[in-house]
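Welcome! Please take a moment to look at the sequence and the 3D structure below before reading on.

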Amino acid sequence: MNYDAAVRYLLSLGRELAAPTQAATAKFDLENISVLAERLGRPDRAYPSAHIAGTNGKGSTAAFLESILRHAGFRTGLNTSPHLEKINERIRVAGEEISDEAFADVLTRILSLTEELLAAGKLRAHPSYFECVTAMAFEYFARQRVDFAVFEAGLGGRLDATNIITPVVSLITRIDFDHENFLGHSLREIAGEKAGILKPGVPTILAQQRPEAREVIVARGAELRCPVIDTATAYGIDRESVREGCVRARVTEISSGWTINVAPSLPGRFQLQNALNAVAAARVLRERGFRVSDEDISEGIADTMWPGRIEKLQSHPDVYLDGAHNPSAARELATFWEENFAGRRIYLLYGALRDKAVDEVCGLLFPFAAEVIFTEPRTSRAVSAAQLAEIAAYHAVQSCVIADAEQALDYALAEAAPSDAIFITGSLYLVGQLRHYWKQRTGVAAHQ
């Protein structure tokens, strides 16, 4: 199987998420991935790992931690989701995406074993798209002899395919509302799903949470006798400042008095919490014998790149990509605008998927925009631009509908003055599509 055939095969397995109407009947458990991993020889046990769940900040936290470990000299594996432009982004070794050739080779192996297991009646169903990619990451990292792997849970945690690993450290980022049809309609229910990644005796780093979410995680930690390091109480932050949208601060570990200065190059005040998650995890790893210096931590955080999250493409006018697809992420983006774009004219390209809290997100973002351009990403899950306008145009001062996303961006660029800003948000599918278009249009990658 070549690369194109491999990607087509994965896509033929269907979407990663069922439609909301299918959620009640969809089968989510760990049986498939467990059987497949056993047949592969449990490659996920060939290296130590970290496991990250949460609603927002998982990807950035994973990227921060992987960068710290790479700076410390470890050969790293990084498994994240979703991807923006190309599925290879989900599986990286030493900062490099899996090659097309290796991608096809590893998937061919997975599918060969899947057919064998199905024929023997050991698998009840064909592994899903996400299960196949997770198994590929396990296998590829083992083949590449990584020293440490960082895994980001895809959906929830308890029944996520990544949850068969036993990590050295677990991390739970900020919990908020998203994917309620799968995870529950209260913060306590959602937190219960995220708490499913906790393992007996394995330390857990907990980002600052709302009380009801924190209570669930802490209770689960007590049941499993795993230490929960609550960053809100275990660490102090001072000397905080913002420069060109990027926050810098001094972090102090309360118990020891240890301090470190952190300066993420990722814009947004919220990135300080994600960096703190990675700092706390690095401290746990150091206690467990992993050689990670203070310099590795500070340089790793400073050098972290994470596309699609307040990512700047150019200046004059400023053009940013941001995958704010739920209310929590929208609040973070609104705060970024308040702190950095007060008095500036913002053109907002907005597209969304059908299973998202569109009206709430639009209510948070649209009041900041001089003009909202309703558009849509190329996916069957997208809300049409016209329907979006019907739902949410009343939140906007001024709006228009341009269904073709590339044309919508061209329109915004033609309208914006050099002092204005253009933000593309609402869906990671839209962000990925226009990030790809931007490279084609300009012939250059993102401008930092």
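Predicted model: local features only at pLDDT ≥ 70, side-chain atom pairs only at ≥ 80, totals over all residues.

Residues are numbered from 1 along each chain as its sequence is written, and side-chain values use heavy atoms, with hydrogens and water left out.

**Threonine 304**

- You can find threonine 304 in the loop between helix H11 (294-302) and strand S12 (311-314); helices (H or I, at least four residues) and strands (E, at least two) are DSSP runs, numbered from the N terminus.
- Threonine 304 has a relative accessible area of 2%, so it is buried (under 20% relative accessible area; exposed is over 50%, partly exposed in between, with a 1.4 Å probe and protein chains only).
- A polar atom of the threonine 304 side chain lies 2.7 Å from the backbone oxygen of glycine 300.
- Leaving aside neighbours within four places in sequence, threonine 304 is in contact (heavy atoms within 4.5 Å) with Ala63, Phe64, Ser67, Ser265 and Leu266.

**Aromatic rings**

- Rings of Phe, Tyr and Trp (its six-membered ring) pair if their centres lie within 6.5 Å; planes under 30 degrees apart count as stacked, over 60 as edge-to-face and the rest as tilted.
- By this rule the count comes to 17 aromatic pairs.
- Tyrosine 47 and phenylalanine 141 have ring centres 6.1 Å apart and planes at 75°, so this pair is edge-to-face.
- Tyrosine 47 lies in the loop between helix H2 (31-40) and strand S1 (49-53), and phenylalanine 141 in helix H5 (residues 129-143), so the pair ties together parts that are 94 residues apart in sequence.
- Both tyrosine 47 and phenylalanine 141 are buried.
- Phenylalanine 366 and phenylalanine 374 also form an edge-to-face pair, 5.6 Å centre to centre with 70° between the planes.
- Phenylalanine 366 is buried, with a relative accessible area of 0%, and phenylalanine 374 counts as buried at 0% too.
- One aromatic cluster is formed by Tyr320, Phe336, Trp337, Phe341, Phe368 and Phe423.

**A charge over a ring**

- The charged end of arginine 283 sits over the ring of tryptophan 258, 4.0 Å from its centre (the rule asks for NZ of Lys or CZ of Arg within 6 Å of the ring centre and within 35 degrees of the ring normal).

Key. Polar contact = N/O pair within 3.5 Å; in protein donor to acceptor, adjacent residues only side chain to side chain.
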